[in-house]
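These are my notebook entries on one structure. I set down what I looked up, entry by entry.

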Amino acid sequence: MASKFQAMTGLFQYTNKEITSNPYRWMSFLNTAASVYKYSFNEQVMIYAQRPDTIACASLEIWNEKMNRWVNRGATGIALLDDSGTRQRLKYVFDLRDTHLGVNGRTPFIWRMQEHHTEPVLQHLIDTYDLDPDTYLLHNALMEIARNSVLDNMDDYFSDFRTSVKGSF
């Protein structure tokens with residue numbers, strides 16, 4: 001098991017370097033991360049490394065007990081690094097496509113942005129973030145929110161950076 005953990009650690013390190021090596025790889029990673037947003041960054045990296053087309057992930061227990069879905073025979077789990085206990089181990093999750101419905105089984109709702117969502121989402125962003133009401137494109141609103149967020153938090157982030165890199169080049 002230790003060698004499997006080491007192999008998965010190597011996969012994590014390799015994938016981490018790959019996704020940060022250029023913007024297109026980073027955007028590809030973000031597509032996967034958006035589908036598994038409840039997982040930590042490290043877990044998202046591991047999911048992306050093994051199944052970048054993942055729709056939704058959960059442990060065997062969650063699929064079986066909470067969703068009344070059953071993992072298909074022969075399905076390969078997605079290994080996640082777990083060092084939360086006293087010893088390092090792997091834990092496994094399965095993609096929605098690796099399961100099938102049981103009696104009274106549930107399928108998770110997977111929301112996707114569609115054309116008819118654009119106007120209500122844009123209006124909500126304008127109202128919530130006090131944006132210029134003349135904003136008429138969703139990507140402009142998102143860029144403005146990101147810009148404002150960075151400006152609002154930049155001093156705190158730089159303060160943290162200065163502390164964490166003290167004495168380094």
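In which helix is Thr32 found? I located Thr32 in helix H2, residues 23–35. Helices (H or I, at least four residues) and strands (E, at least two) are DSSP runs, numbered from the N terminus.

Before going on, I noted the conditions. This is a predicted model, in which local features need pLDDT of at least 70 and side-chain atom pairs count only at pLDDT 80 or more, while totals for chains, interfaces and linings use all residues. Residues are numbered from 1 along each chain as its sequence is written, and side-chain values use heavy atoms, with hydrogens and water left out.

**Entry 1: residues of H2**

I looked up the accessibility of Thr32. Thr32 counts as buried because its relative accessibility is 2%; buried means under 20% relative accessible area, exposed over 50%, and partly exposed in between, with a 1.4 Å probe and protein chains only. I then listed its contacts, where contact means heavy atoms within 4.5 Å. Leaving aside neighbours within four places in sequence, Thr32 is in contact with Ile47, Tyr48, Arg51 and Pro52.

Phe29 also has its place in helix H2. At 2% relative accessibility, Phe29 counts as buried. Not counting residues up to four places away in sequence, I found that Phe29 touches Ile19, Phe41, Gln44, Val45 and Tyr48.

Is Asn31 buried or exposed? Asn31 is found in helix H2, and with a relative accessible area of 58% it is exposed. The C-alpha atoms of Asn31 and Thr54 are separated by 9.5 Å, and these residues are 23 apart along the chain.

**Entry 2: H2 against H3**

I next looked up how H2 and H3 are placed. Their axes come within 9 Å and cross at roughly 105°. Axes are lines fitted to C-alpha atoms, for helices over the stretch in contact, and angles run from 0 to 180 degrees between N-to-C directions.

From H2, the contact is made by Arg25, Trp26, Ser28, Phe29, Thr32 and Ala33, and from H3 by Phe41, Gln44, Val45, Ile47 and Tyr48. By class, I recorded seven nonpolar, three polar and one charged residues in the contact of H2 with H3. Ala, Val, Leu, Ile, Met, Phe, Trp, Tyr, Cys and Pro count as nonpolar, Asp, Glu, Lys and Arg as charged, and the others, Gly among them, as polar.

I looked up Gln44 separately. Gln44 is found in helix H3, residues 41–50, and is buried, with a relative accessible area of 10%. Apart from neighbours within four places in sequence, Gln44 is in contact with Phe29, Ala33, Val36, Tyr37 and Tyr39.

**Entry 3: H5 against H6**

At what angle do the axes of H5 and H6 cross? The axes of helix H5 (residues 118–128) and helix H6 (residues 138–164) come within 10 Å and cross at roughly 30°. H5 and H6 are therefore roughly parallel to each other.

Thr118, Val121, Leu122 and Leu125 in H5 meet Leu138, Ala141, Leu142 and Ile145 in H6. By class, this contact of H5 with H6 has seven nonpolar, one polar and no charged residues. Within H6, I found Leu138, Ala141 and Ile145 to be buried. H5 is included in what covers the buried residues of H6.

I also noted that H6 bends by about 55° at Asn153. The bend at a residue is the angle between axes fitted to the seven residues ending there and the seven starting there.

**Entry 4: positive phi**

Most residues other than glycine have a negative phi. Asn104 is not a glycine, yet has a positive phi of about 55°. Asn104 lies in the loop between strand E5 (99–101) and H5, and at 66% relative accessibility counts as exposed.

Where is the place of Asp130? I found Asp130 in the loop between H5 and H6. Its phi is near 50°, a positive value in a residue other than glycine. Asp130 is exposed, with a relative accessible area of 71%.

Terms used: Angles under 35 degrees count as roughly parallel, over 145 as roughly antiparallel, 65 to 115 as roughly perpendicular and the rest as oblique.
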